[in-house]
Amino acid sequence: MKPLLREIWKSDRRSFLVILLWNIGVSILGGIGIVMLIPLLNMLQIGDNRLPAWFTALGYPLRVGLLLGTYVLLVTVKALLSRSLAIRQNHFLEETGLRIRGKLYQAVSGASWESLIARKDSELINLFTAQCGQVSYGIAEVIYLLASLVTAAIQLGIALMMSLPVTALVCATGVCMLAVFRPLRKKSREYGEEMIGISRAFHEELQNQLASVKEVRAYGVEQEHAALYEKISASFQTARMRYVRQSTVPGVVYAVAAALLIAGIYLVSTLGLRVETDRLVVLVYVFARLWPLFSSFQGQIQEINSTVPAYEKLKETLSELCPESKAAQTAADFSGWQEAAFDSVHFAYRDSEAETLQGMSFSLWRGEILALLGRNGAGKTTAVNLLLGFLLPKSGAIRVDGQALTAANIRAWRRQVGYVPQDPLILNASVRENLTRFHPGATEEEVICALKAAMAWSFVSHLPQGLDTPLGDRGIRLSGGERQRLVLARVLLGKPSLIVLDEATTALDYESETAFHQVIQRMHGQAAVVLIAHRLSTVRMADRALVVEGGVVAEQGTVGELANKKGGYLAGMVGVE
Ligand SMILES: Nc1ncnc2c1ncn2[C@@H]1O[C@H](COP(=O)(O)OP(=O)(O)OP(=O)(O)O)[C@@H](O)[C@H]1O
Ligand SMILES: [Mg+2]
């Protein structure tokens, strides 16, 4: 519970204190309402007549009118205050939820590429939905618990005024019972941890299954997949039911104890302590309200404890997502760049011991088309990720016109770069949005121009709603080649001076590829183009080629030179094709 309290205190202590004060006010008004029952009962000749002289001096109708009028007024004011408190409380809780999700969003969107790729999408989605929801729920329960504590304290005060021994007896029993059920509260925490595990597994499985609908049918394993889904899905129910069975035990014990206590109070106060009847009625009334509070403390603490693991998981993720360096951006301008060079670049992924790049050196000149060749896993995509500044070298440097790329100038450099990744991204949005989300200032004319340049206009103009046609999840309504052309249009819209194409033409048909070559040739001279290619037809477009092997540049030269090099990689490719 403490970590959640600390979170509330750190985030908005002012609103929190106001809510607490408001709660005290509402509870005091409720308390006065209860105390007022004494004179009312008195006037019904229940209990001893010990009312102040000025009050008894008033006529009967006036007395009743005054008492009942005050009572109704009190209840009305209390009801209005309670409503206002409920609004304040909910506003506070919504704000806290927003803040927590906002913090997570900022951590994710500002995280370094390396710390992000180490996480699964399903894990992050689970954090945003299930875990954040749990934390908000936990914080709400903390506030409700504190509110019930305030109410309990005030009702306890009233009970103390009525009878010290009886109140002491009830409190002692209540505290003993809270102590007895301590282990159950600890178990709630374990339940919270178990639920996080199940929820993660569920999201992961769901994402896997949604992504593999086609393959599942193709392999005919629908039943096996359904069984997997049902197993994880049912584990929610099993865990929840176990928790409910455990956590409802105290409720039964508290209810029985309450009946025994009320019977005891009745006997003790009528036989031994001689509490007056009016006070006895109020005492029983107070305990009938006080006791459920004790019982609800147990339940509330259990619920809060079950949300603590979600909070801890959230904190852990926030600390593990290293932010991309916030180094003050220097006023670098790379728009006129001429040469980008890898200077003995070493790089190792976080969770692997071996270096993926082991001292890579090469130069790239503006205006040339450079092909990167090499076997699968040689390090081509990694090299490109470094060139784009997603990853930073462990040692060595990438220099643009002699100036090393660092966290301080990387954003300026990225503005020069257009990138078509190996697995092109199509958003579940319209064609237009798929382009303008990444270039917010682009006009419709520019969008169409880029689509034409990427040979995408021919199919976009035939879509039912043209630019505004929704493309579905991952661009499901486009063919593979159409997707590649759309992503190329997105890149061209930014008018980059360096274009990196990671096997971006693999799905293009013969005609499109020829036209694509023309687009690339048009860029020739103005921008540098880096092509990662496994096909000879793509490599032929290049002026120069590099062969990457084991994280270093093993061969380099013009395409013609490499194609004729005996035993060379490109010569092997020519031989095969
Ligand atoms: N996120 C990652 N974490 C750990 N290792 C990685 C990661 N991404 C790539 N690697 C490893 O780095 C090596 C180089 O991968 P890279 O993607 O750069 O190869 P590539 O040359 O582009 O291959 P391909 O032709 O198959 O696309 C591989 O051994 C790969 O397993
Ligand atoms: Mg690759």
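Q: Hi! Looking at this predicted model, in what sense do E6 and strand E7 pair, parallel or antiparallel?
A: Parallel: E6 and strand E7 (residues 498–502) are joined over four bridges in this predicted model.

Q: Which residue is the bridge partner of Tyr 419 in E7?
A: Val 500 takes that place.

Q: And what order do the strands have in the open sheet of six?
A: The order is E6-E7-E8-E3-E9-E10, and the pairing is mixed. Strand E6 (417–420) and strand E10 (552–558) are the edge strands, each pairing on one side only. On average, neighbouring strands of this sheet are turned by 15° against each other, direction ignored.

Q: Which strands does H18 lie across?
A: Helix H18 lies across E6 and E7, and runs at about 175° to E6.

Q: Okay, cores next. Which residues touch the most other members of the largest nonpolar core?
A: Leu 373, Ala 489, Val 500, Leu 531 and Ala 545 do, in a core of 70 residues. Helix H18 (residues 480–493) gives the most to this core, with seven residues.

Q: What is Ala 545 in contact with, leaving aside its neighbours within four places in sequence?
A: Its contacts are Ala 371, Leu 373, Val 539, Gln 556, Val 559, Leu 562 and Leu 570.

Q: How many residues are in the second, separate core?
A: That one has 35 residues, including Cys 132, Ile 139, Leu 283 and Ile 304.

Q: Switching to the ligand: which residues are closest to ligand 1?
A: Tyr 349, Asn 376, Lys 380, Thr 381 and Thr 382 are the closest of the 14 residues surrounding ligand 1. By class, the shell has three nonpolar, nine polar and two charged residues.

Q: Which element gives the largest share of that shell?
A: H13 does, with three residues.

Q: Is H13 mostly covered or mostly open?
A: Mostly covered, as seven of its eight residues are buried. The buried ones are Lys 380, Thr 382, Ala 383, Val 384, Asn 385, Leu 386 and Leu 387.

Q: What follows H13?
A: Gly 389 follows H13, and the phi of Gly 389 is positive, near 80°.

Q: Which strands does H13 lie across?
A: Helix H13 (residues 380–387) lies across E1, E2 and E4, at about 120° to E1.

Q: What's the strand order in the open sheet of four?
A: E2-E1-E4-E5, with antiparallel pairing. Strand E2 (357–365) and strand E5 (403–404) are its edges. Strand E1 (residues 339–347) and strand E4 (residues 395–400) pair over five bridges, and Ala 341 has Arg 399 as its bridge partner in E4.

Technical notes. Residues numbered from 1 in each chain as written. Chains lettered and ligands numbered in written order. Predicted model: local features only at pLDDT ≥ 70, side-chain atom pairs only at ≥ 80, totals over all residues. Pairing = 2+ DSSP bridges. Helix = DSSP H or I, 4+ residues; strand = E, 2+ residues; numbered from the N terminus. Contact = placed C-beta atoms within 7 Å. Axes fitted to C-alpha atoms, helices over the stretch in contact; angles between N-to-C directions. Near = placed C-beta within 6 Å. Nonpolar A, V, L, I, M, F, W, Y, C, P; charged D, E, K, R; others polar. Core = buried A, V, L, I, M, F, W, Y, C linked by C-beta atoms within 7 Å. Buried ≥ 20, exposed ≤ 12 C-beta atoms within 10 Å, placed from the backbone.
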